[in-house]
Amino acid sequence: QERITPLTEFFPKCRTCRRQAREQSGGGDHHEGLSSDEELTPTEVDEFQKSKDNVLEDSRKIFEDVHADFCDIRKILLKFQEWKEKFPDSYCDAYISFCLPKLLNPLIRVQLISWNPLEQNFTELEEMPWFRAIEEFSDAGNVSESK
């Protein structure tokens, strides 16, 4: 039977060196089992937060010059729903079901910039307005096809 060798046997000196460096520098907030590579300095945390804030601020400006009918997923899907109901043949010929993911992708990505599933109080994808709008559009399509 083959034995799996832990990485600490391959790199025991690295772990010991990091532990000694922490003890000498007074880094007492280290938690055993976590890599010291994952520990960020306060300066790095501040830089990350500033960078994150800049990205979020820039993301709010992306669609500021776009007409409201073309930057709201629900309104876009309503236009497609109208097209589907009024002109089903041309809607089908245009392969809209293949085009919608590429069309909605930038709008969804902007809304997901600040989403972090690792935070304690994150919003589930299924609860986001864009997800519900797409779900309603998909359900409306299934209802009309069954008729």
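**View 1. Aromatic pairs in the predicted model.** The number of aromatic pairs comes to five, in a structure that is a predicted model. One of them joins W115 and F122 in an edge-to-face arrangement, with 6.2 Å centre to centre and 70° between the planes. W115 is partly exposed, at a relative accessible area of 25%, and F122 is likewise partly exposed, at 29%. W130 and F131 also form an edge-to-face pair, for which the values are 5.8 Å centre to centre and 75° between the planes. Within this pair, W130 counts as buried because its relative accessibility is 10%, under the limit of 20%. F131, with a relative accessible area of 25%, is partly exposed.

**View 2. The aromatic cluster of F80, W83 and Y91.** These three residues, F80, W83 and Y91, belong to one aromatic cluster. F80 and Y91 are also among the core residues that touch the most other members.

**View 3. The largest nonpolar core.** This core holds 14 residues, and those touching the most other members are I73, L77, F80, Y91, L100, L104 and F137. At least two core residues are supplied by each of α4 (73-86), α6 (96-112) and α7 (129-146). The largest share, five residues, is that of α6. In soluble globular proteins, nonpolar side chains tend to be buried together.

**View 4. Surroundings of F137.** Leaving aside residues up to four places away in sequence, F137 is in contact with L77, F80, Q81, Y91 and L100. K84 lies over the face of the F137 ring, at 5.6 Å from the ring centre. Both Q81 and K84 are buried residues of α4.

**View 5. The two sides of helix α4.** Helix α4 consists of 14 residues and spans 20 Å from its first C-alpha to its last, close to the 20 Å expected at 1.5 Å a residue. The buried residues in this helix are I73, I76, L77, F80, Q81 and K84. They lie on the same side of α4, because the arc they cover around the axis is only 140°. On the other side of α4, the residues L78, E85 and K86 are exposed.

Note on methods
Residues are numbered from 1 along each chain as its sequence is written. This is a predicted model: local features need pLDDT of at least 70, side-chain atom pairs count only at pLDDT 80 or more; totals for chains, interfaces and linings use all residues. Side-chain values use heavy atoms; hydrogens and water are left out. A nonpolar core is a set of buried Ala, Val, Leu, Ile, Met, Phe, Trp, Tyr and Cys residues joined through side-chain atoms within 4.5 Å. Buried means under 20% relative accessible area, exposed over 50%, partly exposed in between (1.4 Å probe, protein chains only). Helices (H or I, at least four residues) and strands (E, at least two) are DSSP runs, numbered from the N terminus. Contact means heavy atoms within 4.5 Å. Rings of Phe, Tyr and Trp (its six-membered ring) pair if their centres lie within 6.5 Å; planes under 30 degrees apart count as stacked, over 60 as edge-to-face and the rest as tilted. A charge sits over a ring if NZ of Lys or CZ of Arg is within 6 Å of the ring centre and within 35 degrees of the ring normal. The expected span of a helix is 1.5 Å times one less than its number of residues. The arc is that of the directions from the helix axis to the C-beta atoms.
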